[in-house]
Amino acid sequence: MGEIARILRTHLFHGVAVGLVVASLSFVVVNLTRGDTALEIAIARHGTALTNEALVEQIRIEEKLDQSLWIQYTRWIGHAFTFDLGRSLVSKEKVADLLWYHFRHTLVLSVAAMLISLVIALPWGIFCGIFPGGSFDNISGLVSSALVAVPHFVTGILLILALSIKLQWLPVAGFFTSRHLILPAATLGIGLAAFSSRVVATAIVDVRGALFYQFARMKGLAEARVLLGHGIKNASIPVITFIGLQTAHLLDGVVVVETLFAWPGIGKLILDSILARDIPVVQGAGLLIGLMYVAVNASVDLICIVLDPCRRDPEAIR
Amino acid sequence: MNSYKYCIQAENLSKSFCRKGGKKRGLFSGFSIEVKPGEIIGLSGPSGCGKTTLGDILLGLKHPDTGKVFWNGNGINGSGKSSRMALRPYFQKIYQDPPTSFPPHQTIEEALTDVVKNKYSIGRKDIINRRILAAIKDVDLDKELLKRYPRQLSGGEIQRFALSRVLLLKPIFLVADEPTSRLDLSVQAKIVRLLMRLAKERRTGVLFISHDPALLRVACKKVLSFGR
Amino acid sequence: MNEILLNINNLSISSMPEHKTLVGSVSFSVRRGEPFTLIGETGCGKTLIAQALTGVLAKDLSATGSIEFDGPNLVGLSGKERRKLWGRRMFLLPQEPRLALNPTMRVIKQVSEVLRYLRGQQPKNALKNAGTLISDLGMSSSRDGRHYPFRLSGGMNQRILLAIALATPAEFIVADEPTKGLDADLRDSAVRLLQNLVEQGKTLLCITHDLAVARDLGGNIAVMYGGYIVESGPAEKVLDSPVHPYTQGLIKASPENGMEPIPEHVLSSMKTAWNSSGSRQMEACL
Amino acid sequence: MKVMAYIPESSRLQVATGAFILLSVALLSMIGPHLTPDPSTQNLSSVFADPSSEYLLGSDHLGRSVAARLVRGGANSLFNTLLCVIGSVLIGVFLGLFSGWYGGFIDATIMRLVDITMSFPGILLALLIAGLIGGGQIAVVGALTITGWPDYCRITRAITQNVKSRPYVEAGVLAGFSGRFILRKYIFIEILPQIAVLATLGFGRTILNISSLGFLGIGLAPPEPEWGAMIAESLPYLRQSPYLVLAPAAAVSITVFSFLLVGQPLARALKK
């Protein structure tokens with residue numbers, strides 16, 4: 001159990017560190033760089049035409065932007081720990097509500113993408129794993145490299161071209177019915193499946209080449225019994241570790257795909273708020289994404305601990 | 001080298017190490033040893049009882065918890081760092097797993113050339129070659145093997161090259177850490193006999209570590225044992 | 001059930017692409033219930049023979065000659081037929097015990113698995129029997145049995161392998177270097193365990209470079225060098241009054257008998273006799 | 001080269017084709033900018049022109065030559081990726097050697113730093129830095145270097161620790177070799193191949209990131225052409241002339257694919 005406590009402690013430490021870094025980074029970067037934030041917000045709220053000196057000053061006082069940077073920063077950090085992330089400078093909504101609304105959409109999209117990637121990757125990988133070196137294995141190696149090489153937004157565009165424009169099956173963008181979910185989830189899913197199928201294949205090949213696998217055969221067990229009893233569990237450890245890491249990297253893809261398909265997720269939110277220089281939302285969203293990332297890494301470590309007894313025991317003679 | 005009575009002495013050495021769990025486990029304590037030039041002392045005991053650690057302490061690679069080590073009369077622990085550096089090449093070691101005692105991406109000749117160049121800082125190729133050829137003749141290996149990489153040689157051959165590398169440095173004291181435990185009987189016999197001959201001829205003190213008491217009875221004048 | 005369990009004559013193994021003979025024509029036979037030890041140094045081809053017998057020879061090596069196992073010749077059989085013999089009729093104990101065990105399965109389960117699927121015992125019953133097998137070998141089935149292989153020492157893992165050997169219905173056990181890398185005292189207990197196998201009625205073929213193991217096991221032995229058998233016969237006769245100079249040299253080379261290196265002329269004379277498979281490249285290649 | 005010997009017959013062709021594509025892309029982006037007209041001159045009279053002698057690959061919604069923008073965009077992406085990779089490699093290898101060779105406190109702090117940086121989604125950090133600074137070359141390169149170096153650091157540290165524990169290094173110490181000599185002769189020689197392969201794969205990943213940032217509108221400051229930004233710009237015209245989107249998309253994909261074609265077999269060969 002000591003091992004699990006140690007893992008939780010390190011990831012908690014990472015979580016706090018990531019949170020602090022995100023918050024301070026966005027705060028420092030915005031305030032030290034060009035442009036007067038109050039002016040930017042005025043434009044964002046009322047459009048360039050109506051913005052005048054008085055309006056900018058009014059916003060500056062209203063949003064307490066005139067106070068020294070240090071006070072603004074400590075005020076925000078204080079609030080963050082009490083989960084009061086303040087209000088969006090542009091739409092005045094509570095940041096927490098904004099985050100929750102967008103987070104749910106990203107969650108739906110990510111889960112759908114994960115499912116699609118598993119549905120594609122597992123059978124593909126297992127087949128390549130059981131018949132390594134064959135023509136199918138080589139071709140799928142190239143295909144998976146190609147799919148990895150194509151950026152998420154390009155896959156998305158290709159899917160739009162094919163399914164929405166040419167075949168008119170699916171809507172191009174937006175978020176109304178579940179049919180809108182298919183394209184973005186597929187885009188993300190294909191990208192993930194490309195890599196995980198290779199990992200599944202290599203994991204199976206490595207396990208079936210291992211000495212203990214040969215020895216299990218020597219014990220007189222039938223191939224199916226050996227695969228089920230000895231193969232699956234040992235092959236699943238590297239696969240689950242990779243899929244865990246992949247969920248963490250899913251966030252990178254989410255930002256791009258949500259922008260392409262106008263999917264109101266957390267990625268789109270943080271991008272829009274950065275472009276609109278809406279600091280509290282940027283800080284809130286950054287904090288949430290950072291913590292999501294850390295949470296996924298932590299859960300992957302824990303799953304590996306449960307699956308692989310060797311890691312559970314620090315005294316193990318490797 | 002002024003020949004002091006003992007090539008190496010050590011008084012009441014003790015060492016313990018703490019495992020990951022923080023528990024301290026004593027390896028040995030109050031251990032003393034003196035090795036005269038040309039004398040082979042045996043050290044036997046089950047694996048994991050600290051034989052290698054003692055060898056490293058005598059060679060100054062590790063520090064003892066208590067006790068002092070003297071190289072050719074001068075202490076090497078604590079302040080004696082400068083004297084230790086000066087005497088460094090005279091205290092050598094040969095290893096248990098021959099294939100990893102030579103760098104994998106260099107041929108044996110390149111590895112031995114590095115040793116000679118560094119120790120005697122000679123640049124001239126012919127002088128270096130002459131020394132190397134002399135050293136490998138002592139361990140009766142032919143020069144064609146010099147061009148090979150360690151992975152292209154058998155365990156016995158590499159161990160003899162390791163001995164030739166030690167000879168190039170004209171050692172006063174040598175730790176042989178289970179040098180033949182991974183070799184076949186006939187190869188082991190050849191190497192142990194070779195080691196005994198070279199120790200006598202070059203008046204080098206040897207600490208011979210092994211878990212095989214019969215081997216030590218043949219090779220060594222005196223055998224110390226680490227029992228747990 | 002005839003007297004001779006295994007009869008091998010002029011078995012030879014060569015590497016396919018360049019047809020280099022690794023094992024010349026080798027002939028020996030193993031009587032049922034009587035241990036047989038194959039002695040030789042690194043590169044003499046003894047492990048290849050063990051692999052050829054049990055049908056796990058590498059794909060780029062080919063074996064010719066005849067291996068009659070309780071009647072039929074195994075050399076011609078297909079992979080599938082050879083596999084039917086594994087566990088049921090013959091069993092190979094590999095060199096590295098820890099690597100041969102499944103790292104994510106408790107050791108007692110790896111023993112009971114054999115009892116369940118090969119002897120058709122019920123799961124609970126199989127676990128109990130596996131426990132007794134493990135405790136017979138001097139380990140506590142409740143504590144050690146529940147561990148994973150990485151928690152057990154080399155010696156203990158080896159006992160688990162022997163427990164598995166006893167669990168299988170196979171009557172012919174091939175042990176490949178059972179004492180490699182073991183300390184002096186662990187070596188003696190390993191040999192006692194092998195003797196235990198023989199007492200349980202298994203026929204043992206032991207592959208080793210350790211003369212003491214051959215002497216302790218008794219039965220017949222064959223001394224190999226450079227892919228050929230140089231001398232064979234009952235253990236006491238060969239070890240106490242060896243005929244061939246290489247055997248004599250080998251015995252004198254062991255520390256107990258004065259550790260005299262084998263004279264150079266003995267080795268060179270043998271090499272010229274079988275120049276096609278000089279031990280030089282083989283010693284390097286293994 | 002020596003490394004070619006390690007690659008099995010089957011994937012040697014694959015590496016060759018990958019390398020060929022890479023060379024042609026690099027050549028194109030070096031020579032191209034001089035051969036094609038200035039990429040940012042607009043000619044509103046000839047908008048969406050078809051390929052002709054004047055516009056080799058036609059023109060976009062502002063009448064700019066697509067060929068010129070593609071080639072200049074390529075040069076930008078490759079150059080900035082080079083900066084990122086070199087930056088990441090230098091920082092990563094230096095810190096990796098340090099923490100691997102000395103261990104103890106230095107090792108612990110560097111590893112903490114690596115863990116924190118790695119527990120951070122790459123694009124998010126890049127977004128934060130590049131976005132809030134308002135894009136621009138320094139921001140993008142800086143952001144991707146900061147998220148890139150930990151991979152190289154971990155590999156270098158692992159190899160350094162592994163080699164340091166091997167007997168031939170201790171034998172070298174006993175023979176009087178200096179720390180610098182051992183680092184140069186024994187450790188660098190083991191690190192270089194691994195780092196080279198990691199850098200090849202890293203190159204592909206960085207191009208992907210740069211074009212993604214460009215697509216999100218945070219790439220190199222416009223109107224400097226960049227593949228990702230070109231795709232974003234011509235997205236609204238997808239229906240009537242999809243070609244404007246597909247050209248840069250193909251450029252990114254083929255370049256990254258060729259890096260993978262070269263990198264992956266090398267990685268497999270090194271694993272053996």
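Me: What counts as buried, exposed or partly exposed here?
Reply: Buried means under 20% relative accessible area and exposed means over 50%. A residue in between is called partly exposed.

Me: Is A:Ala276 buried, exposed or partly exposed?
Reply: The model is a predicted one. In chain A, A:Ala276 sits in the loop between helix H11 (266–275) and helix H12 (279–307). Its relative accessible area is 26%, so A:Ala276 is partly exposed.

Me: How many Å separate the C-alpha atoms of A:Ala276 and A:Arg45?
Reply: Along the chain, A:Ala276 and A:Arg45 are 231 residues apart.

Me: Which two chains have the most contacts among the pairs that touch?
Reply: Five pairs of chains touch. Chain C and chain D are not joined by any contact, and their closest C-alpha atoms lie 17 Å apart. The pair with the most contacts is chains A and D.

Me: What is the area buried between chain A and chain D?
Reply: The size of an interface is often given as the accessible area lost when the parts come together. The contact here takes 46 residues from chain A and 40 residues from chain D. Carbon and sulfur atoms give 81% of the buried area. That area is about 3600 Å².

Me: Which residues of chain A lose the most area to chain D?
Reply: Three residues together account for 14% of what the chain A side buries. They are A:Ala149, A:Phe153 and A:Ile274.

Me: How many helices and strands does chain D have?
Reply: Read along the sequence, the pattern of chain D is α-α-α-α-α-α-α-α-α-α. The count comes to ten helices and zero strands.

Me: What percentage of the residues in chain D are buried?
Reply: The C-alpha atoms of chain D fill a box of roughly 80 × 45 × 30 Å along the principal axes. Its accessible surface is about 11800 Å², with 69% belonging to carbon and sulfur atoms. Of the 272 residues in chain D, the buried share is 54%.

Me: Why is H5(B) described as roughly parallel to H6(B)?
Reply: In chain B, helix H5 (residues 155–168) and helix H6 (residues 185–202) pack with their axes 10 Å apart, at an angle of about 10°. Angles under 35 degrees count as roughly parallel. Therefore H5(B) is, relative to H6(B), roughly parallel.

Me: How many nonpolar, polar and charged residues make the contact of H5(B) with H6(B)?
Reply: The H5(B) side includes B:Leu163 and B:Leu167, and the H6(B) side includes B:Ile191 and B:Lys190. By class, the contact has seven nonpolar, two polar and three charged residues.

How values were computed: Residues numbered from 1 in each chain as written. Chains lettered and ligands numbered in written order. Predicted model: local features only at pLDDT ≥ 70, side-chain atom pairs only at ≥ 80, totals over all residues. Heavy atoms only, no water. Axes fitted to C-alpha atoms, helices over the stretch in contact; angles between N-to-C directions. Helix = DSSP H or I, 4+ residues; strand = E, 2+ residues; numbered from the N terminus. Parallel < 35°, antiparallel > 145°, perpendicular 65-115°, else oblique. Contact = heavy atoms within 4.5 Å. Nonpolar A, V, L, I, M, F, W, Y, C, P; charged D, E, K, R; others polar. Buried < 20%, exposed > 50% of the residue type's maximum accessible area, 1.4 Å probe, protein only. Areas by Shrake-Rupley, 256 points an atom, 1.4 Å probe, with all protein chains shown as cover. Buried area = accessible area lost by both parts, 1.4 Å probe.
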